[in-house]
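Some notes on the backbone follow at the end.

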Amino acid sequence: MFERLQKKWKVKGWQFVLIIATFAIGGSATGFIGKKLMPIFPIGPTWLWVIVYILLVTLLWPLAVLLVSIPFGQFPFFCKYIKKIGRRMGIGRSGVRSQKSEESHLSTLTSHIAVFASGAGSNAQKIIDHFRSHPSINVSLIVCNNPSAGVLQIANKEGIPVLLIEKERFIRGDAYIKELEEHTIGFIVLAGFLWKIPAALITMYPGKIINIHPALLPKYGGKGMYGKAVHQAVINAGENESGITIHYVDEVYDHGKTIFQARCPVLSSDTAESLAQRIHKLEHEHYSQVIESLLK
Ligand code: GRF
């Protein structure tokens, strides 16, 4: 049961424990304060007392839980959770808007990200972790062209839908735009995705597709410049620094406008592997933050 809840809430480990603790303490506090407040109301019959008490605790509960969630660091999660309950109860609905249009209205308020990844997915994992409890940004889809990629296990573990794509349809066909629309994707993040992005997709998502490259562009980019090849080229050239580049995606490999760069040293003792590790660290540190700042 706990596992199902964890999956549903898209949280894990300590965060799950803190959420349960917030529910428990917030719930008890609500009962306690509710009872203390009841004598204010001069109520005769027991049935009326019960109704007023239920109404009172219903109003108090969200407040108590939100307050308790602050010291536990779970405020964003509970904001989202309580909003969701409110919506289910029809609170905040204007007029007679139907459930379906309400859902699509709400989904336009949320930024749904698709992460395109075809490798191990360590960046994808960091991005998922970062936005797990975010009130308005959600990793809603993993797009992958490699059925044995590690990122698929991550998607499965996190309960995130996967779109497995095939080259001909992606590059020369409809670029899976219908599927992306079905998931209301508004922003695309490439994290270890090696195929060139077709013009159709770039037109569909202008300024909304970004990539991370493990070197300081414009150097060491372009076709074939991925993985170890990039780091080996940096070392062979005798560079004393390398880094990461986060950039918009256009129709040329590693070419779109740079959004952000971070640097790290290249040591004389470095191998492509050791440099890759240092670069990965930089990627994990910055990519999610940059995505968040762009979506704000
Ligand atoms: C990263 O180094 C990124 O710069 C490049 O592909 C790699 C993906 O690594 N575009 P991972 O699969 O996220 O671990």
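A nitrogen atom of the ligand lies 2.9 Å from a backbone N or O atom of Ile-212. This is a polar contact, that is, a pair of N or O atoms within 3.5 Å.

| Residue and its atom | Ligand atom | Distance |
|---|---|---|
| Ile-212, backbone N or O | nitrogen | 2.9 Å |
| Ser-122, side-chain N or O | oxygen | 2.5 Å |
| Ala-120, polar backbone atom | oxygen | 3.4 Å |

On its own the ligand has 370 Å² of accessible area, of which the protein covers 83% (Shrake-Rupley method, 1.4 Å probe). The model is predicted; local features need pLDDT of at least 70 and side-chain atom pairs pLDDT 80 or more, while totals for chains, interfaces and linings use all residues. Residues are numbered from 1 along each chain as its sequence is written, and side-chain values use heavy atoms, without hydrogens and water.

The ligand sits in the second largest pocket. A pocket is an open set of points on a 1 Å grid over the protein atoms alone, where a 1.4 Å probe fits, with protein on both sides within 12 Å along at least five of seven lines; a molecule sits in it if more than half of its atoms lie within 2 Å of its grid points.

Helix H6 (122-131), strand E5 (209-213) and helix H12 (272-295) each give two or more residues to the shell around the ligand. Helices (H or I, at least four residues) and strands (E, at least two) are DSSP runs. Among the shell residues are Gly-119, Asn-123, His-213, His-280 and Glu-283, a residue being near the ligand if one of its heavy atoms lies within 4 Å. Because domain 2 (110-204) and domain 3 (207-296) both contribute shell residues, the ligand lies between them.

Two backbone features remain. The peptide bond from Leu-217 to Pro-218 is cis, with omega near 15 degrees, and Pro-218 belongs to the loop between E5 and helix H11 (228-236). Tyr-176, in the loop between helix H8 (167-172) and helix H9 (177-182), has a positive phi near 60 degrees.

Conventions. Polar contact = N/O pair within 3.5 Å; in protein donor to acceptor, adjacent residues only side chain to side chain. 1 Å grid on protein atoms, 1.4 Å probe; cavity = no way out; pocket = protein on both sides within 12 Å on 5 of 7 lines; lining within 4 Å. Domains from an automatic or database assignment.
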